[in-house]
Every structure is written in C-alpha cells, then in structure tokens.
Amino acid sequence: MGKTVLLKRFQEGAEERSWVTLPIDLDARFNYETELIALLTNSSVRKRETLSALVATRRRIGEVAGAVLRSVNLSVGDWTASLDPKFGEATVDLARPIVEVVETGIDAGKAGVLYAIDEAQFLKDDPESGEFTLSLLLSTFTQLQVARLPIALVLSGLPELDKVLGHTRPQTERLFRGLAIDTLDDAASTEALIGPLRGSKIAFDARVVELVLPEMAGYPHFIQVYGAELWAAAHNRGAKRVTQKLLGETLPAIRTRIRVDIYDFRMRQLSPSQRDLLIAASRLGPPPITVDQLSVSASPGEDPQAACDALVQLGVIVDRADRGEFTYTVPGFHDYLLNRADAWSSALPAARWDDWTLR
Ligand SMILES: Nc1ncnc2c1ncn2[C@@H]1O[C@H](COP(=O)(O)OP(=O)(O)O)[C@@H](O)[C@H]1O
Ligand SMILES: [Mg+2]
C-alpha cells in the first residue's frame, strides 16, 4: 500500500522541475493495444489543449522562448520513418500523440513530459491473443528516448508488475529503477500516527503508541483508522491526551471499522466461488498459501492456478518472493476468514443476508 501516493510524489517532483505530467489510471479494459493507444492519445490531446493556451499566452507577451529552448528537433514526420517496424503502425500511433504533446510542452517552456501510469499491472503481453500492450509501450518509449525526446515513464502497480516486466524484456532492469513498497517500520508507523497531531491540542501517550504498533502491523490503512478513531474519541470527550483507558474504550469501534471498511470491503469485491476458495484455504492453516493448497480447496472443474491469478490481480493475495507462496495483502486476513466464514460462505446464504442487514 502506498503506490498511488508515491506516484503522486513523482508527479509533484516533475512539476517542480517544470515537467508536464500526464497521470493515467489503467484497469483491465486497457490490456489491448488499440485501447491503450486510445487512452494515451486522449490524455495527451487533452494535455496539449491546456498547454496550447500557455503557448498562446507566451506568444502574446513576447516570450517566444520555445524555438530557442528547443534542444530536440521534433517533427512527427521524421519519427514515423525511424521507428522500429516490429510493432508497425501501433508504435507510430502511440508515438504521435506523445511527440505532439512534447512539442507543445517545449513551446510552452516546459522541460519534458512525464507519463505517470497507475495500476500498471494490467499491462501484459499475451501471445495467445496477440496483444503485446506492455512491449508496445516500452518499445515506443525506449525508441523516443533514444532519439532524445525528453520523456519519462513511471509505472506503479501491484508486485506482479515486477514479474511481468522481467518476462517481457530481459533488459528491463536497465530501463527501470525499481522501488518496492513494503509495510512501514515502527519509526515510520509512529510518525504516520502522531505526526499529523503536531501543533494540535491532542497528543498520544507513549504507552498507547507502543500498544497499537503491533496492531497496526505497519499497514497504512490501519494506521489511518487508528489515528482517526482515537483522535475523534479524544476530541468528542474534550480530552487532551489519548490514554490507555481511552484506547481500551475505543478499540471495539476501531476493530469494527477495520472489519467493515477493509476486510468486508475486499470480500464484497470477490465472487462467491472466490470467497469459498479463500475460506477453504484458510482452514488448511495460516499463510503462506500454495497453489497446491488451493487445488485441495478448489471446487471440481475450477482451475486453481487461474483462481490464484485472479486473486493476485484483485490484490487479495501476493507472492512477495516469487516462490509460489502467497500471503494476504492485508494483515490479519487469515483470522478474519476463520472468524467470519459464516457470513460469507455460499453454503450459508441465509446467515450472510442477516449479517448484511445488521451491518
Ligand atoms: N508511507 C505512508 N505513510 C503514511 N500513510 C501512507 C503511506 N503510504 C500510503 N499511505 C496512506 O495509505 C492510503 C493508501 O495509499 P495508496 O497510495 O492509495 O495505496 P495503493 O498502494 O493502494 O495505491 C492513502 O490514504 C495514504 O494516505
Ligand atoms: Mg492505488
């Protein structure tokens, strides 16, 4: 957790350095070459429209530095001839809007263009369907960069992105600088919890921080719930300190909110058979879960590998070390599955409905 936050930091850093930034959010629909090209084209064209206004203003006030600043001689015509024909027209189609936005950006006095792509794990190469979305993107960007076009690409996504990049091109480790995000350590968790309170009228007792650190498990979303609920509890009572007593009184509300907002929320995104599979796997023991364990739990006719891949795509489980050993992305999910099985198992639809209405 923290991928989108980090991607935004890259955008802020780029903007501070006078770069144009294009944030792009992917989902499963865009794993087709034509869809990806359309998406990048639309957002490039829109960005170019806003930049054009800037160019016009610069011209009006006589600040036509664009032509002088230009370090690269850009022209779409030159490009089409020099692009690697491996992807044929697709590379040209993708390159054109990028070149155009860079051109306009430089005219507007910008230093370059950053494409910040979120949820990039949806990009894939699929020989079966003949869609090579990831290769197309990387190949186009590489060729434009080799030609010294000032463009940068930041991809943010679930850990499987790493694997996908490696499979696509053995040399991607030279193309990319990788940053892995893990859970927060105790110091970072403490800062995330109490930092926002600095300069406010409410403070945490040191003992309370000590007690909640293991509960929060370094998971940013948990830290936010603990921080928000404890702050609200102190505020409502007019208290200046979050004490151990206040923590004791607030814990049930915190646990309920985590259950409803985090665990139940995830379960609701799953299909009944995916829920049943997770519940069955949880009964075999604590994580890591292997595909073999999923095979035992899978219903007849269900492909355990495909089921596993789907759960990874949904961000429910993750194979951090790429060893075929999956853990839950949200801490405590195993206990939740054991305790709440009745509420979600398709074997007990009546109980699930009661639970839903009570929530
Ligand atoms: N390093 C961090 N410290 C404190 N809070 C964080 C940190 N990283 C993420 N968060 C919080 O966690 C939430 C989820 O982060 P986000 O970047 O949206 O996660 P995702 O990986 O799902 O994109 C955000 O509301 C953010 O404020
Ligand atoms: Mg995100």
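Visitor: Is Glu119 buried or exposed?

Guide: This is a predicted model, in which local features need pLDDT of at least 70, side-chain atom pairs count only at pLDDT 80 or more, and totals for chains, interfaces and linings use all residues. Residues are numbered from 1 along each chain as its sequence is written, while chains are lettered from A and ligands numbered from 1 in the order in which they are written. A residue is buried if 20 or more other C-beta atoms, placed from the backbone, lie within 10 Å of its own, exposed if 12 or fewer do, and partly exposed in between. Glu119 has 21 other C-beta atoms within 10 Å, and therefore it is buried.

Visitor: Where is Glu119 found, and what is its phi?

Guide: Helices (H or I, at least four residues) and strands (E, at least two) are DSSP runs, numbered from the N terminus. Glu119 is found in the loop between β2 (112–118) and β3 (125–126). Although Glu119 is not a glycine, its phi is positive, at about 60°.

Visitor: Which residues is Asp118 in contact with, leaving aside its neighbours within four places in sequence?

Guide: Asp118 is found in strand β2 and counts as partly exposed, with 19 C-beta neighbours inside 10 Å. Its C-alpha atom is separated by 7.6 Å from that of Pro23, 95 residues apart along the chain. Two residues are in contact if their C-beta atoms, placed from the backbone, lie within 7 Å. With the sequence neighbours set aside, the contacts of Asp118 are Thr4, Leu7, Ile24, Asp25, Leu26 and Ser156.

Visitor: Which residues surround ligand 1?

Guide: A residue is near a molecule if its C-beta atom, placed from the backbone, lies within 6 Å of it. α1 (3–16) and α11 (220–237) each supply at least two residues of this shell, and α1 gives the most, with three residues. The surrounding residues are Met1, Gly2, Lys3, Thr4, Val5, Leu184, Ala192, Pro220 and His221.

Visitor: How do the residues of the shell around ligand 1 divide into nonpolar, polar and charged?

Guide: Ala, Val, Leu, Ile, Met, Phe, Trp, Tyr, Cys and Pro count as nonpolar, Asp, Glu, Lys and Arg as charged, and the others, Gly among them, as polar. By this division, the shell around ligand 1 has five nonpolar, three polar and one charged.

Visitor: Which residues is Ile181 in contact with, leaving aside its neighbours within four places in sequence?

Guide: The loop between α8 (172–175) and α9 (186–194) holds Ile181. Ile181 counts as partly exposed, with 13 C-beta neighbours inside 10 Å. Sequence neighbours apart, Ile181 is in contact with Gly2, Lys3 and Leu6.

Visitor: Why do the buried residues of α15 line one face of the helix?

Guide: In α15 (residues 304–313), the buried residues are Ala307, Cys308 and Leu311. The directions from the helix axis to their C-beta atoms define the arc, and the buried residues of α15 line one face because they fall within an arc of 100°.

Visitor: Which elements do the buried residues of α15 pack against?

Guide: Gln305 and Ala306 are exposed on the other side of α15. The buried residues of the helix pack against α13 (272–282), α14 (291–297) and β8 (317–318).

Visitor: Which peptide bond is cis?

Guide: Pro288 lies in the loop between α13 and α14. With omega near 10°, the cis bond runs from Pro287 to Pro288.
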